[in-house]
Amino acid sequence: MPKPSSAHIEALFPTLVYRTVIEGAGRLNHDLEQAALALAENDTAGRRWCEKHGYSGYTSYGSLADLPDRSPLFARLKRGIERHAARFAKELHWDLRGGKPVCDTMWVNVLPEGGSHSSHIHTNAVLSGTYYVTSPEGSGPIVFEDPRHGLMMAAPPRKAQTPRPLRTYVSETPVPGSLILWESWLRHEVPLNRARAERISVSFNLVIG
Ligand code: FE
């Protein structure tokens, strides 16, 4: 039956993901790479945490809660993240009542070949995100999952060539300097790094402060 001319399909309840690439980030990325590798070598508490929790590679997630206080480099990154988060909050039409998104947690990830990070959400936060310092060819995307997936008990699967906004899983392949922000409840995962090199990134959470 042909669609009546008065029919209208509206996209409701969109899930917004904020993406940008920081221009001229070469020097910043070089310095962040050195800093991340130094942490991976020297942070023995962090390395113990990774071993205990089966994290391949290194993350400072379980050991260092004060990166921006330790180094002006991370403080600069924090300021940049908060500027972009403020823009994102505006696009989300949040009524912040005088507050603003504040980055309260930041951690470094050094993900080697064969490393991955299974599906998860970020608790105790409103916005989360990742800044990519290095992203070697083949190190793979970050994959976001439709937050309504668990409700789709009888829904047919989507076709292979489904347009991006209607897909159940959406991949985003970062480049060095990519900054991606999302609402913290959005489930995501990092599939296997198939590159012969480490991918270095900085992840973070923001609260309303
Ligand atoms: Fe995450």
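Strand 6 (residues 142-145) and strand 9 (residues 188-190) of this predicted model pair in the antiparallel sense, over two bridges. Strands here are DSSP runs of E of at least two residues, numbered from the N terminus, and two strands pair if DSSP finds at least two bridges between them. Across this pairing, Phe144 stands opposite His188 in strand 9. Because the model is predicted, local features need pLDDT of at least 70 and side-chain atom pairs count only at pLDDT 80 or more, whereas totals for chains, interfaces and linings use all residues. Residues are numbered from 1 along each chain as its sequence is written, and side-chain values use heavy atoms, with hydrogens and water left out.

The iron ion is coordinated by the NE2 atoms of His120, His122 and His188, at 2.0 to 2.2 Å. Donors are N, O and S atoms within 2.8 Å of the metal (3.2 Å for Na, K and Ca); water is not among the atoms, so sites may look incomplete. Along the chain the donors follow the spacing H-x1-H-x65-H. His122 lies in the loop between strand 4 and strand 5 (127-132) and His188 in strand 9, so this pair ties together parts that are 66 residues apart in sequence. His122 is buried, at 9% relative accessibility, and His188 is buried at 3%. Buried means under 20% relative accessible area, exposed over 50%, and partly exposed in between (1.4 Å probe, protein chains only).

Glu189 is also placed in strand 9 and counts as partly exposed, at 29% relative accessibility. Leaving aside residues up to four places away in sequence, Glu189 touches His117, Ser118, Ser119, Pro141, Ile142 and Val143, where contact means heavy atoms within 4.5 Å.

Four aromatic pairs are present in the structure. Rings of Phe, Tyr and Trp (its six-membered ring) pair if their centres lie within 6.5 Å; planes under 30 degrees apart count as stacked, over 60 as edge-to-face and the rest as tilted. The ring centres of Phe144 and Trp182 are 5.1 Å apart with planes at 65°, so this pair is edge-to-face. It links distant parts of the chain, with Phe144 in strand 6 and Trp182 in strand 8 (residues 178-183), 38 residues apart. Phe144 is buried at 7% relative accessibility, and Trp182 is buried at 1%. Ring pairs also link Trp49, Tyr61 and Trp107 into a cluster.

Strand 5 is largely enclosed by the rest of the structure, because six of its six residues are buried. In a regular strand the side chains alternate between the two faces of the sheet. Leu127, Gly129 and Tyr131 point one way from strand 5, and Ser128, Thr130 and Tyr132 the other way. Strand 5 pairs with strand 8 in the antiparallel sense over five bridges; in strand 8, Ile180 is the bridge partner of Thr130. Strand 5 also pairs with strand 10 (residues 199-208) in the antiparallel sense, over six bridges, and here the bridge partner of Leu127 is Leu206.

Notes
Helix = DSSP H or I, 4+ residues; strand = E, 2+ residues; numbered from the N terminus.
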